[in-house]
Amino acid sequence: MNKKKKRLIMRSVILAVLALAVGYTFYSNLTKEARGNLQEGDQAPDFVLTDLSGEKHQLSDYEGKGVFLNFWGTWCEPCKEEMPHMEKLSKEYEGQVEVLAVNVGDSELQTKKFAEQYGLTFPIAIDSSKEVQKAYGVNPLPATFMISPEGKVEKVVIGGLVKENQVRALFEQVKP
Amino acid sequence: MGKVKCECGHVNPHGTVLCESCGRALTEEAKKEKFHDMRYEGSARRSQTYNKTIVDKVWNFFSSVKVGVWLIVLTLIASSLGTIFPQEFYIPNNVTADTYYEDTYGIAGKIYYMLGFHDLYNSIWFIALVASIGVSLVICSLDRVIPLHRALKNQRVARHTTFMKKQRLFASREGTIEPQEIGKVKESLKESRYHIREEDGSLLAEKGRFSRWGPYVNHIGLIIFLIGAMLRSVEGMYVDELLWIREGETLEIPGTDGEYYLKNEQFIMENYDKEKDSEVFSEAIEENGVIAKNYQTDAILYRDENRDLPGAEPELVEVKKEDIRVNEPMKFDQFALYQNGFSQNEMKAMEFMLTNKETQEAVGAVKIDLFNPKDVYDLGNGYKVELLGYYPDYDGIGKDGEPKTKSPVPNNPAFLFNLVSPEHPDGEVAFTAIRQTMEPMGETDYKMEFSNIETRDISALTVRKDLTLWILALGGTIFMIGVIQGSFWAHRRLWIRQVDGKVYVAAHTNKNWHGLQRELDSIIEHTSIPSPEDQQASEQSGKEKN
Amino acid sequence: MSDLVQWSGNLLYTSFILYLIATLLFGGAILPKKNGQKQGVNRWGKLGITITVLGFIAQLGYFFTRWAAAGHAPVSNLFEFITFFSMMLVGAFIIIYFLYKLPVLGVFALPVALVTIAYASMFPREVSPLIPALQSHWLSIHVTTVAAGEGILAISFIAGLIYLVKTIDQSKKSKQTFWLEAIMYGLIAVIGFVVITTSFRLAGYEAEFNYVNKEGQAASETFTLPAIVGPNEGELLTENRFEPIAEMPAFINAKKLNTVIWSLATGFVLYWLIRLLSRKRVGALVQPLVKNVNKDLMDEVSYRAVLIGFPVFTLGGLIFAMIWAQIAWTRFWGWDPKEVWALITWLFYAAFLHLRLSRGWHGEKSAWLAVVGFVIIMFNLVAVNLVIAGLHSYA
């Protein structure tokens with residue numbers, strides 16, 4: 001009897017190990033897509049970029065304030081639409097939520113002309129090496145990451161923010 | 001449910017068919033067999049002996065070779081389905097799967113896509129099939145190797161005569177064998193590398209037993225291989241990135257966490273040339289037109305010493321300079337960079353002449369870097385060109401009356417110039433695109449005449465890290481060893497027994513009966529020991545005669 | 001063309017003739033003797049194997065002179081690969097012959113090798129330089145090992161086929177006779193392909209078409225057989241040529257499909273011609289050849305060939321293939337159709353071995369499996385290259 005019991009335990013253990021291995025394979029295959037991308041609730045990766053006026057901006061310097069991190073390009077139509085809202089609210093929330101616009105792929109000339117044209121006053125940096133873009137896993141533009149005063153990603157918005165209300169809600173979310 | 005004690009005194013595990021020691025048949029079926037089933041030496045396959053709990057039921061399911069074969073066949077059929085149309089990862093980049101299959105293959109393509117066959121090898125059910133094979137491998141092997149090992153370890157020299165009679169190769173005669181004849185046979189058997197055991201007049205000669213373990217060794221190899229394949233999805237074990245890099249560019253190598261940078265010095269593409277290459281190829285070159293000879297990126301690998309945050313200026317130290325070719329990747333650390341693709345002749349810079357329309361006189365040349373254009377190009381003497389707008393991928397005029405660009409890539413560059421000359425100190429506005437000029441603010445006296453273009457190639461490199469390779473290699477090696485062990489050698493046994501004034505000879509092999517018989521014939525030749533005959537063959541020829 | 005290439009071609013031709021002679025000699029070797037005694041290897045058999053070995057040496061000569069001329073192992077396109085495969089088949093036959101001394105194997109194996117060489121020579125034969133992906137030592141290592149494995153497995157098919165010809169009861173119609181005829185028809189259709197291609201080539205038939213390809217672009221194609229099926233939106237340019245009966249959608253290569261249709265049709269005509277003239281099934285027609293065959297021995301030869309061929313195939317078709325794929329294509333496995341079909345072949349023979357070892361599938365069942373295994377190999381060799389075409393479509 002004892003031997004039979006031992007055999008049952010043995011078999012159960014082996015089957016459990018196999019089930020675990022198979023289960024893990026399923027899990028990792030099903031989550032393959034999602035992994036590697038930044039999720040809401042993750043710590044926002046730190047980075048440093050130089051803006052058009054030559055000033056350095058490091059994300060961790062903004063601790064204690066909310067950050068509206070926006071990736072954009074001059075060729076992207078929806079990017080153009082959200083810029084005025086961003087400009088307006090960046091003034092309103094000054095000292096509470098900082099806007100940082102990261103241009104992806106344009107030349108300095110284009111970016112400058114664009115900023116002039118839209119009268120943008122918040123810092124704009126060009127991610128010429130695309131390293132920051134990669135760190136945030138940004139593909140379609142625009143992409144907006146709301147970063148809390150503690151440096152956590154509170155919200156990720158892919159696509160244009162057409163209405164001012166939308167943008168305001170985002171600002172409120174990360175206000176200290 | 002106890003042990004089974006054989007008449008010879010040996011105690012066998014429950015479920016044993018042929019006594020491990022003397023070979024006597026222990027079940028009614030075995031007693032009735034014409035030939036004994038020797039596949040597992042008649043040992044007790046455990047799975048069939050207990051079938052009580054759910055654990056036992058699952059175990060027994062996977063322990064069945066029949067189930068295993070079904071799994072193999074199902075995987076085989078499933079795999080073939082995935083080759084009817086190309087898999088999703090082989091269709092062109094610029095189309096989406098949901099439209100591609102229907103557009104290209106019609107209704108059949110649509111069904112193919114709907115059934116998920118376009119990504120069959122990543123589907124849950126396919127992975128489940130392969131995983132089941134893995135489970136079956138483990139359980140089948142465990143269930144058989146232990147009893148087989150027991151049976152072979154416990155086998156006695158003197159086998160019961162019924163066991164011998166039920167072997168395929170068998171002979172017997174009245175009388176006894178002279179001791180010196182036994183000696184002679186032993187000599188020849190030893191020469192043929194048999195291990196010999198003797199027990200009061202009986203003899204067991206055996207060789208190649210290790211080939212019986214071949215299947216289990218190769219199954220272990222396969223299990224290791226599957227484990228390797230499984231580990232690939234563990235974070236950090238596997239990197240698969242594509243790096244598009246222009247000539248002259250220095251970029252961070254993705255997947256290396258900012259540690260490594262690569263500079264593309266130049267990209268080379270060569271074709272075979274009828275004049276320069278061996279003349280035996282001339283016919284083929286003529287027939288095919290163009291045959292590619294080489295794709296190569298001359299690259300410099302750098303390490304970033306400060307390894308700062310993303311976006312920070314790297315501090316690059318050259319590690320090595322190497323040419324990356326197809327079949328010759330650049331290797332560093334655990335990474336390898338492969339030449340994967342290329343795109344030729346991307347525009348890099350455009351040169352224009354500021355020209356007086358009337359006199360056709362060129363004032364000076366302006367070269368515009370398409371990746372970093374300047375605000376103003378001063379030509380001196382009161383001539384300058386101001387760049388009011390730059391549209392790298394010009395796509396017509398938008399609703400707001402502004403020129404539009406499709407992307408930041410200079411596929412179709414367009415410029416809005418302000419042409420300043422002594423005659424027009426405030427400048428004249430001209431819009432210049434490829435094969436198109438517009439003068440939106442009225443006709444101008446000067447124009448920007450296209451004079452030259454600079455292009456460069458973009459190389460696509462695959463960045464690969466695969467820490468599972470050594471596991472796969474280990475699994476593959478063990479598998480090969482097992483397969484060779486099991487298929488190039490045979491387990492051969494010869495039993496000679498003298499009992500009750502009779503001589504019995506029987507032999508068994510797990511394959512190549514013809515070879516065994518030939519070997520035994522030559523060993524037993526010229527002795528009074530009867531040479532064992534193939535009972536299966538004589539039975540057939542007997543049948544044919546009737 | 002250099003002299004070396006010329007020489008190489010002549011040597012291949014020589015080996016073809018020698019195999020043909022050897023087939024006839026083996027045929028003489030298995031003729032029943034007058035006294036009806038069981039026979040050992042007679043003079044015919046000895047002569048047969050000698051000629052076979054000579055032919056094999058000539059073919060080796062072809063292989064190495066072509067290697068010397070091209071500067072790389074001549075296994076880089078369909079003509080070269082299939083020719084090499086036929087050489088491996090003959091090599092495997094020679095080994096098995098010396099193990100078992102069975103002239104009857106020669107009577108079946110050599111014709112298969114002959115048909116294979118003829119088939120190979122229908123593809124472009126010029127020496128082509130290697131594209132970048134093929135420039136590696138692994139080309140010769142991987143491809144030759146695969147071909148060797150497949151050649152040995154082909155012997156298992158031939159032994160299985162002999163087993164079936166011998167054992168299937170031809171006195172009445174059955175499922176077995178039907179499928180055996182199907183195999184015979186398959187072999188005859190290959191001959192049909194050679195016959196029809198050569199005939200129209202000699203007649204200089206060419207018909208040019210403009211059509212729209214899979215990518216939606218205009219393309220042109222020259223048909224060398226009258227187009228029964230024409231390309232997508234095809235427009236016949238050459239005058240006085242046969243107008244296609246049906247037009248194919250863009251994703252089907254109409255030229256190749258047309259060739260397949262012609263081969264099958266010619267095979268069909270040849271097959272029925274044989275049947276009408278002999279008034280027998282082809283299986284029954286060849287049955288007398290195997291009268292003296294020991295069927296158990298055939299079963300064993302077939303199984304033995306699988307045992308030898310399976311490890312070689314695994315090594316070449318999967319392990320070496322994976323190593324090279326890792327080097328050339330950045331990944332050891334990518335589910336390319338050719339890779340998948342190599343896996344299918346491997347799985348099939350794995351199932352074969354399990355069925356034989358653990359489920360006791362001997363004799364006829366085993367022979368059928370050997371036949372199916374060879375069909376899969378041929379499918380991978382021919383159809384995957386010509387029809388499915390992935391990364392391996394070099395020819």
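Modeller: One convention before the record: UniProt positions are given in the numbering used here, feature names are shortened, and annotations may be inferred rather than shown by experiment. This is a predicted model, where local features need pLDDT of at least 70, side-chain atom pairs count only at pLDDT 80 or more, and totals for chains, interfaces and linings use all residues. Residues are numbered from 1 along each chain as its sequence is written, with chains lettered from A and ligands numbered from 1 in the order in which they are written.

Biologist: Which residues of chain B does UniProt list for "domain: ResB-like"?

Modeller: Residues 65-420 and 441-521 of chain B, according to an unreviewed UniProt entry.

Biologist: What is the helix and strand content over residues 65-420 of chain B?

Modeller: Residues 65-420 of chain B are 31% helix and 35% strand, with the end C-alpha atoms 87 Å apart. Residues 441-521 of chain B are 36% helix and 46% strand, and their end C-alpha atoms lie 108 Å apart. Helices (H or I, at least four residues) and strands (E, at least two) are DSSP runs, numbered from the N terminus.

Biologist: Now the interfaces. How many residues of chain A are in contact with chain B?

Modeller: 34 residues of chain A are in contact with 36 residues of chain B; contact means C-beta atoms, placed from the backbone, within 7 Å. On the chain A side, α1(A) gives the largest share, 12 residues. By class that side has 14 nonpolar, 10 polar and 10 charged residues. Ala, Val, Leu, Ile, Met, Phe, Trp, Tyr, Cys and Pro count as nonpolar, Asp, Glu, Lys and Arg as charged, and the others, Gly among them, as polar.

Biologist: And how many residues does the contact take from chain B and chain C?

Modeller: 51 from chain B and 52 from chain C. Helix α3 (residues 65-81) of chain B supplies the largest share of the chain B side, 10 residues.

Biologist: Switching to helix packing: at what angle do α3 and α4 of chain C pack?

Modeller: About 170°, with the axes of α3 (residues 78-100) and α4 (residues 103-120) of chain C 8 Å apart. That makes α3(C) roughly antiparallel to α4(C), a label for angles over 145 degrees. Axes are lines fitted to C-alpha atoms, for helices over the stretch in contact, and angles run from 0 to 180 degrees between N-to-C directions.

Biologist: Which residue classes make up that contact of α3(C) with α4(C)?

Modeller: 15 nonpolar, 4 polar and no charged. Among the residues meeting there are C:F85 and C:L89 in α3(C), and C:V112 and C:T116 in α4(C).

Conventions:
Angles under 35 degrees count as roughly parallel, over 145 as roughly antiparallel, 65 to 115 as roughly perpendicular and the rest as oblique. Two residues are in contact if their C-beta atoms, placed from the backbone, lie within 7 Å.
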